[in-house]
Amino acid sequence: MTALASRSFEIANQIIAPGKRKQIEIHIGRLFDYTEISIPIEVIRGEQAGPVLFVSGAIHGDEINGVEAIKRLLTQRRIGSRMRGTLIAAPIVNVFGFNNNSRYLPDRRDLNRCFPGSKNGSLGGRIAHIVMEEIVSKATHGIDLHTGAIHRTNLPQIRACLDEPETNKLAHAFGVPVAINATIRDGSLRQSAAERGIPMLLFEGGEALRYEEKIIHSALRGILSVMESIGMLEPRLSKKKVQKRKHIFIARSSYWIRAPHSGSLRVKKHCGDRVQKGDLLGILSDPYGTNRVEIQTPKTGIIVGMTLLPLVNNGDALFHVATFDDAEAVEERLGIFDESISV
Ligand SMILES: [Zn+2]
């Protein structure tokens, strides 16, 4: 059946007809000098009815790999009137942080702890409220793109509530090898979407303030394959090939290894490496190269995140290791994945 998407679709008082696309500025406030601040979004409607997917980036304003991934998504030939359903693309949610190379809002709040927000709340609360009302509540599915925090990098990974069947399906469709069944963070977009019954993935990959081709490519490919899996786009690969490519490993648990001492760190392992109990991860030492402290792996797993800053204080988080039933199989799959996205 080729049902036409006749329902009118409205965002920020703008109506977008089936088969049309529109760039919209959602007004969220003004700077001290009265300069108007808006969240830029683009809405693309297929001629046929279908799901409504929102894809958001830079909720943390310095996490910009996702901004570039969404930009590239919008210029794909497949994204247009022949699509089924509607895509809401919000490449830069925290426009304040984005313009200041900062994770935070001007009042130093983390926007991803302000959800669902309120109409009369703080700046973060008001922005969160607008995002919920104008974007999230109009969607049936969502993908939110992140990177590691400043001076940290993450292996491309999905964090989601994988016990929820629809979200689990989306995670498999996204197709990055590693997924972490993440507990929901209070005040996050993900929590508010879950409370409204909207299945949502959080993609993490790479570092803040960088454009990293492999990460951008992983995110873009993941979004397109989610769109295929929910029927917005025609699948490009055969089912068999998709299954082979999409195999994901869900972490049993994950843990951080912290610096047992202040000093400078020489790393010996990197994101995606399989590390076995007792393996040397790095060496901490003083400026003379003496007082060396070896950092060893306490429990076998895969490095899914790590610091990029060699100067560390006692207690700083150094390596994030996820544990799996079969870490060797994960490492092998990561190798295949890495080759498949080589740029
Ligand atoms: Zn983030």
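I take a polar contact to be a pair of N or O atoms within 3.5 Å; within protein, one must be able to donate a hydrogen and the other to accept it, and residues adjacent in sequence count only if both atoms are side-chain atoms. The model is predicted, so local features need pLDDT of at least 70 and side-chain atom pairs pLDDT 80 or more, while totals for chains, interfaces and linings use all residues. Residues are numbered from 1 along each chain as its sequence is written, and side-chain values use heavy atoms, with hydrogens and water left out.

**Entry: the zinc ion**

I looked up the donors, meaning N, O and S atoms within 2.8 Å of the metal (3.2 Å for Na, K and Ca); water is not among the atoms, so sites may look incomplete. I found His 60 (ND1), Glu 63 (OE), Glu 63 (OE) and His 146 (ND1) coordinating the zinc ion at 2.0 to 2.5 Å. In sequence, I read the spacing of these donor residues as H-x2-E-x82-H.

**Entry: burial**

Buried means under 20% relative accessible area, exposed over 50%, partly exposed in between (1.4 Å probe, protein chains only). His 60 counts as buried because its relative accessibility is 4%. Glu 63 is buried too, at 2%.

**Entry: Asp 110**

Which side chain does Asp 110 join by a polar contact of 2.9 Å? I found that of His 60, which is also a donor residue of the zinc ion. A polar atom of the Asp 110 side chain also lies 2.8 Å from the backbone nitrogen of Asn 112. With a relative accessible area of 13%, Asp 110 is buried.
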